[in-house]
Structures are given as C-alpha cells and as structure tokens.
Amino acid sequence: MTRLREEDILDISDSLKEYDQKLVNQTGKSLAEIAAHAIGSSGKRIYELHRANPVGVVPITSGEGIINGFSRSVQKIIEFMGFTSFVTGLKDVGGLAEAVEKGAKVVFLADDDHFVAINMANGKVVDNGEATGKGYAAALDLMSGGLRDKEVLLIGAGPVGAGAAAFMSAHGAKIFVYDVNREQAENLLETVPGMQIVRDFYEALPQYKLILDATPAAEIIGKEYIGEDTMIAAPGIPLGLSQECLPLISDRLVHDALEIGVATMLFDVLT
Ligand code: 2YC
C-alpha cells in the first residue's frame with residue numbers, strides 16, 4: 001500500500017476550507033455531505049448523535065515510523081467535520097491508552113499496512129482503503145449527476161477499488177475494471193455482480209468518460225485521453241494523470257491525499 005510522504009500532506013490542515021469549497025463547486029456537495037452520501041446516511045444525524053464524543057488520533061512508530069504531519073492532518077480533517085478530536089501526546093500503546101482514558105469514542109491509527117478507525121463503543125472497525133473507495137465513488141456519482149446506467153472505468157481492484165466498486169454497483173453503474181494483476185480483477189468480480197473485466201488498458205481507456213483511478217500507478221493517463229466531458233475521481237497516490245492533463249481537466253478531477261478517505265471513515269465507523 002502506498003506510504004504517503006510528508007510533502008503529500010504538508011498543507012492539508014491550512015487548506016481545508018478552500019478544499020471544501022472546491023468540492024462544492026465540483027460535486028455540489030461538501031466534504032461531509034460526500035462522506036454521508038458514501039455511506040448512505042445523513043451527516044446531520046451522525047453529527048447530532050456523536051459530536052459530543054471525542055475522537056483520538058494515535059501516532060504509530062512501527063515499521064517506517066511516523067510521517068510528519070500525518071496524525072495532525074487526520075485530526076484537523078475530523079475537527080473540520082465538527083467533531084472534537086485530539087492527537088495523543090504518547091505514541092503506540094501509550095497513545096492508545098491515553099485516547100481511551102480521555103474518553104475517545106473513536107480512535108484513528110495507522111501503521112505501514114493498515115489505517116483504521118475503531119469505534120470503542122461497539123467494536124466496529126473501518127479500513128481506510130474501502131472507505132476511500134466509497135468516498136471517491138460517491139464524489140464521482142455526485143459530480144456526474146448520477147452513475148445509474150452509466151459506464152465507468154475502474155482502474156485498480158485492490159481495497160480502494162473494491163470499496164468504489166461496491167458503491168458504484170449499488171448505484172447502478174456499469175463497471176468495467178482493469179487491474180494489471182488480472183487475478184485481482186477476477187476476484188473482485190465475485191463480489192460485484194455485473195462488473196466486466198477490461199483486457200487491454202490503453203485500448204479501453206479512450207472509450208470512457210467516467211474514470212475512477214484507484215491505483216498507485218503514476219502518469220498512466222496522458223492528455224490524449226482527456227475529453228471535455230471526461231470526469232476522474234482519483235484516490236490513488238501518486239496521481240495517475242500526467243501533469244499535462246491538469247489544465248484540461250482541473251474542475252472535473254477529484255483528488256486528495258487524505259480528506260475524503262478520513263471523512264468517510266469517520267461517518268462509516270459511527271453508523
Ligand atoms: O505517523 C504515523 O502514525 C505513521 N505510522 C502513519 C503511516 C501511514 C502509512 N499509510 C499511508 O501513508 C497511506 C494511508 C494514508 C492510506 C494508505 N496508505
């Protein structure tokens with residue numbers, strides 16, 4: 001799974017307001033509304049029910065260790081959603097104990113292999129990959145005016161792609177999936193009825209206006225594939241579009257390093 005770099009998350013905390021406005025301009029909905037749409041619930045209801053319960057974020061030193069700014073970015077996104085949140089002073093086991101002692105109802109923590117939100121009250125665990133996939137699919141659903149009966153190219157059949165496929169299938173999209181690892185795409189077919197596998201990526205790519213790029217592959221989509229009605233939701237880090245695409249697609253591309261995934265994790269783990 002991709003490991004974020006400090007530079008990927010450097011300015012998240014200071015730009016949440018403008019990012020939220022950008023999402024409203026692109027999808028008609030705010031970050032919180034996209035997260036609520038992703039899990040099919042009302043953000044207001046979740047907020048009313050749970051805003052009093054603090055959310056703890058625990059820095060984890062295992063594996064490649066702390067990413068500067070990661071815990072703080074997660075905490076700021078949660079705070080932006082209107083919830084009380086804090087980064088624990090201690091790390092690892094001490095941090096988890098501190099979060100519980102401070103009455104955290106939900107705890108966020110990530111090592112190199114898993115990034116989860118845990119509901120301490122009922123034991124629910126939400127994984128960042130699946131939540132991110134659902135959140136981005138929800139954003140594409142809103143940006144496109146609704147995915148029902150529309151063809152979508154899903155690139156990547158890992159945890160993020162699986163989360164996206166579940167949402168898009170439930171919303172009536174015709175999903176065509178490509179994964180460089182064909183077996184992974186075939187495995188996903190078993191849980192997503194009606195989805196079809198794409199054999200040749202570059203032969204298929206020009207045929208799709210709606211694309212969900214759930215891969216960590218960089219620069220796989222060049223500007224020759226961007227039409228004036230192409231819309232791309234790209235949770236994958238690094239971004240799959242080459243730099244030359246950005247001026248052509250700017251307001252029809254949804255892409256961030258943490259925001260949509262964390263917002264969806266929070267609402268999902270509280271419902
Ligand atoms: O600072 C810390 O607590 C580190 N242990 C955090 C490591 C996060 C590693 N995972 C990632 O960078 C990304 C996630 C944001 C989603 C998938 N990989």
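Predicted model: local features only at pLDDT ≥ 70, side-chain atom pairs only at ≥ 80, totals over all residues.
**Exercise 1. Determine which parts of the chain make up the two domains, and which elements of domain 1 face domain 2.**

Solution. Start with the domain assignment, which gives domain 1 as 6-127 + 260-269 and domain 2 as 130-256. The contact between them draws 17 residues from domain 1 and 21 residues from domain 2, while the centres of the two domains, taken over C-alpha atoms, are separated by 24 Å. Next, look for the elements on the side of domain 1 that touches domain 2: helix 2 (16-27), helix 3 (31-39), strand 5 (125-127) and helix 12 (259-269) each supply at least two residues. Sorted by class, that side of domain 1 has seven nonpolar, five polar and five charged residues.

**Exercise 2. Describe the area buried between the domains and find the salt bridge that joins them.**

Solution. The size of an interface is often given as the accessible area lost when the parts come together. Here the area buried between domain 1 and domain 2 is about 1400 Å², and carbon and sulfur atoms give 60% of it. On the domain 1 side, Gln26, His37 and Ile260 supply 38% of the area buried against domain 2, which is more than any other three residues. For the salt bridge, the count between the two domains is one. Asp268 forms a salt bridge with Lys134, their closest N and O atoms being 3.0 Å apart; Asp268 falls within the 260-269 part of domain 1, and Lys134 within domain 2 (130-256).

**Exercise 3. Identify the closest residues around the ligand and the backbone atoms that approach its polar atoms.**

Solution. Of the 15 residues that surround the ligand, the closest are Thr2, Leu4, Ile60, Ile67 and Ala110. A polar backbone atom of Thr2 is 2.7 Å from a nitrogen atom of the ligand, and a backbone N or O atom of Ile60 lies 2.9 Å from a ligand nitrogen atom. For Ile67, a backbone N or O atom lies 3.0 Å from an oxygen atom of the ligand.

**Exercise 4. Find the parts of the chain that the salt bridge of Arg3 and Glu64 links.**

Solution. The count of salt bridges comes to ten, and in one of them the side chains of Arg3 and Glu64 meet at 3.7 Å, N to O. Arg3 belongs to the segment before helix 1 (6-9), whereas Glu64 sits in the loop between strand 1 (55-58) and helix 5 (70-80), so that the pair links distant parts of the chain, 61 residues apart.

Methods
Residues numbered from 1 in each chain as written. Heavy atoms only, no water. Domains from an automatic or database assignment. Contact = heavy atoms within 4.5 Å. Buried area = accessible area lost by both parts, 1.4 Å probe. Salt bridge = Lys/Arg side-chain N within 4 Å of Asp/Glu carboxyl O. Helix = DSSP H or I, 4+ residues; strand = E, 2+ residues; numbered from the N terminus. Nonpolar A, V, L, I, M, F, W, Y, C, P; charged D, E, K, R; others polar. Near = heavy atom within 4 Å. Polar contact = N/O pair within 3.5 Å; in protein donor to acceptor, adjacent residues only side chain to side chain.
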